[in-house]
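These are my notebook entries on one structure, written down in the order in which I looked things up. I begin with pairs of charged side chains and then turn to sheets, a helix and a surface patch.

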Amino acid sequence: MDKQQLSKDILKLVGGEENIDQVTHCMTRLRFNLNDNQKADKATLKNTPGVMGVMENGGQFQVIIGNDVPVVYNALVGNMSKSPTADNASSAASTGEKKKRNPISALFDFISGVFTPILPAITGAGMIKGIVAILVALGWLSDTSSTYIILSAIGDGAFYFLPIILAISAARKLGSNMYIAAALAAGIMHPTITALLANGDTTFVGIKVIAATYSSTVIPIILAIWIASYVEKAVDRVTHASLKLLIVPTVTLLIMVPLTLMTVGPLGTVLGNGLSGGISWLFDNMSIFASILIGGTMSLLIITGMHYALLPIIVGSMTTLGYDFIIPLMFAANLAQGGAAFGVGLRSRNSKTKSLAYSTGLTAIMGITEPAMYGINMKFKKPFIAALIGGAIAGGFMGIVNVKAYVLTGLVGLPSIAAFISPAISTLLYALAGGLIAIVAAAVLTYILGFEEENASEPAAPVAEPATAAATTSAVVTEEAKAQDEQVFSPITGEVKPLSEVPDPAFSEEIMGKGFAIQPTEGRVVSPINGTVFSLSKSGHAIGLVSDTGAEMLIHIGIDTVKLKGQFFSPKVQAGAKVAVGDVLMEFDREQIEKAGYTTITPVIITNMHQYESIESAGRTTIKEKDLLFTAKA
């Protein structure tokens, strides 16, 4: 691929040089601060060969390239008359020219950052509730037995104490103390206060306390932690260092717990109930219209990142109403993407297109839509339109028969079918019928509409390209070489997490590649393979490796840690160094990075997954350096 031409295409599609305030790059993506994000042609960029994806995060416009990003960056800057680097931007900021963040982008980034980390907890609890419902429906478990009560408590626990979980996540996102936030949430949920509020006529220092219930709520605690973050930081600024541990939490809690009980909490409760009630009214009175609209546009919302705005609505409806209308429409939209990919496979005359269409279609109906959406449907355009129509048709059916989801699940696809189990078995059957309608409608429409294959005889899966010679050493195995199974050992001591828990779509949606993430408990990175270091970011947060058998790997320490500009990172190797399993690559100050407001969760991924069939986990939840993490199966 001609990197010079790619850089010219990107420069044009982001709105030209005059639209660029600054541009930097990390290990995998170009990071633009644009004067106007609307001038960038995102749709064309996403379909540009060599571009793996486009996303906006906190107002920053990011173009995902993969291992070749340094080459593309250098070519891009070389094609510009000025060099708008981060250093220039810092200088401008110091003179008071700092540009405001887009408030909508900032809101979506905040919602995503708060809800994404807690999804495993509420998903696991939701699945347990679904399993209990199945056991009761089949008559295998009595709803009066102690076993039922215990299992129900396990399933309900995360939802009942949801404010505490949200408080921790919100505080982490806002850069305030997570444990003060948890104490605030625990204070408003204390059984004594709950009972006091239930009795009514409660006052605090003579001021009326409005009765409200905080268990299973979303908005009150998020508002409270947002305000608390300012209170905590203000108190911290005026407190002497020797007294911070005593004064900051004490004053923050004394201010925020009563304030939440008297004002913020009741306001948030009214907003939350109004939002859930509004959604319920919409589906009760305009069910078919709302279902067609949301089912048909859900994939567009996912592409733009606006689906994150639905998370508090879904969680709020589930906790206050006991069910949700939006998850069934996500189910319809996702299966429609799979159906459209199947339609491409049926109509295509190209064997590679057929194979990719069928495989990505299957993953889409299992709930992972990005490979089908970006790699097939959007690439050929008309299949994506067919998927939107299929989602709308299935959504309309879901609205007519009033399908609801009763539990939160993880990926919204066939594995999440337990979400639709209720005492009325018809809900489950209608959900399955709606999913079938989505698949068939999208597949048939794709076949009828057709698509142009002239420029797509060799469609690429949405994974990273192998690094070019300019970015690698001679140890890189060429793509033509037959891949072998690759054992990948842990580079870090910590807790093993699925990539879905990484708060960055480039990793969580496996756009960059497949693997696992590790939440470090120590600040050191060692080599997970025998091979070569082919790239090391200037900021130290990301390391590229290629094994002696050709596996290309990325270790990305934290998310958005490129903004630290190397602070708290201490590289122990240079690009081109030969390494063996266990050799020290990097040391980093985990505590200081997290104190600066960044997560240190570290994706460890294979970026040339097109050479491998699958990833096989070693099955560990906690891991030490040099323990087997996963195997890439050729």
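This is a predicted model: local features need pLDDT of at least 70, side-chain atom pairs count only at pLDDT 80 or more; totals for chains, interfaces and linings use all residues.

**Entry 1: charged pairs**

I use the term salt bridge for a side-chain nitrogen of Lys or Arg that lies within 4 Å of a carboxyl oxygen of Asp or Glu. Residues are numbered from 1 along each chain as its sequence is written, and side-chain values use heavy atoms, with hydrogens and water left out.

Are the two partners buried or exposed, or something in between? I sort residues by relative accessible area, where buried means under 20%, exposed means over 50% and partly exposed lies in between (1.4 Å probe, protein chains only). Asp 236 counts as partly exposed because its relative accessibility is 32%, and Lys 244 is partly exposed because its relative accessible area is 25%.

I then looked up Glu 591 and Arg 590, whose side chains meet in a salt bridge at 3.1 Å, N to O.

How many salt bridges does the structure hold? I noted nine. I also noted a network of salt bridges that links Arg 31, Asp 560 and Lys 563.

**Entry 2: a charged pair in a sheet**

Lys 497 forms a salt bridge with Glu 495, and the closest N and O atoms are 3.3 Å apart. Lys 497 is partly exposed because its relative accessible area is 21%, and Glu 495 counts as partly exposed because its relative accessibility is 37%.

I next followed the strand pairing around these residues. Strands (E, at least two residues) and helices (H or I, at least four) are DSSP runs, numbered from the N terminus, and two strands pair if DSSP finds at least two bridges between them. Four bridges join strand E8 (residues 494–497) to strand E9 (residues 514–520), and these two run antiparallel; Lys 497 stands opposite Ala 517 in E9. E8 is also joined to E19 by two bridges, again antiparallel, and the bridge partner of Glu 495 in E19 is Thr 622.

Which order do the strands of this open sheet follow? I wrote down eight strands in the order E15-E11-E12-E13-E17-E9-E8-E19, with antiparallel pairing. Its edge strands are E15 (578–579) and E19 (622–623), each of which pairs on one side only. At the E15 end, two bridges join that strand to E11 (residues 531–536), and the bridge partner of Gly 531 in E15 is Val 579.

**Entry 3: a sheet of three strands**

I looked up another open sheet, which has three strands in the order E7-E20-E18 with antiparallel pairing. The edge strands are E7 (486–489) and E18 (614–617), and each pairs on one side only. Four bridges join E7 to E20 (residues 628–633), with Thr 631 in E20 as the bridge partner of Gln 487. Four bridges also join E18 to E20, and there the partner of Ser 614 is Lys 633.

**Entry 4: helix H3**

Which residues of helix H3 are buried? In this helix (residues 69–78) I listed Val 69, Val 72, Tyr 73, Ala 75, Leu 76 and Val 77. Their cover includes helix H1 (3–13), strand E1 (20–25) and strand E2 (29–34), where contact means heavy atoms within 4.5 Å.

**Entry 5: a nonpolar patch**

Finally, I looked up a nonpolar surface patch of about 530 Å², made by Leu 362, Met 366, Leu 414, Ile 425, Leu 429 and Leu 432. Such a patch is made of residues with over 30% relative accessible area and no salt bridge, in which nonpolar side chains (Val, Leu, Ile, Met, Phe, Trp, Tyr) are joined within 5 Å, whereas like charges are joined within 9 Å. Accessible areas come from the Shrake-Rupley method with a 1.4 Å probe, and for residues only the protein chains shown count as cover. The largest share of this patch, three residues, comes from helix H19 (residues 425–449). Ile 425 is found in that helix, and it counts as exposed because its relative accessibility is 53%.
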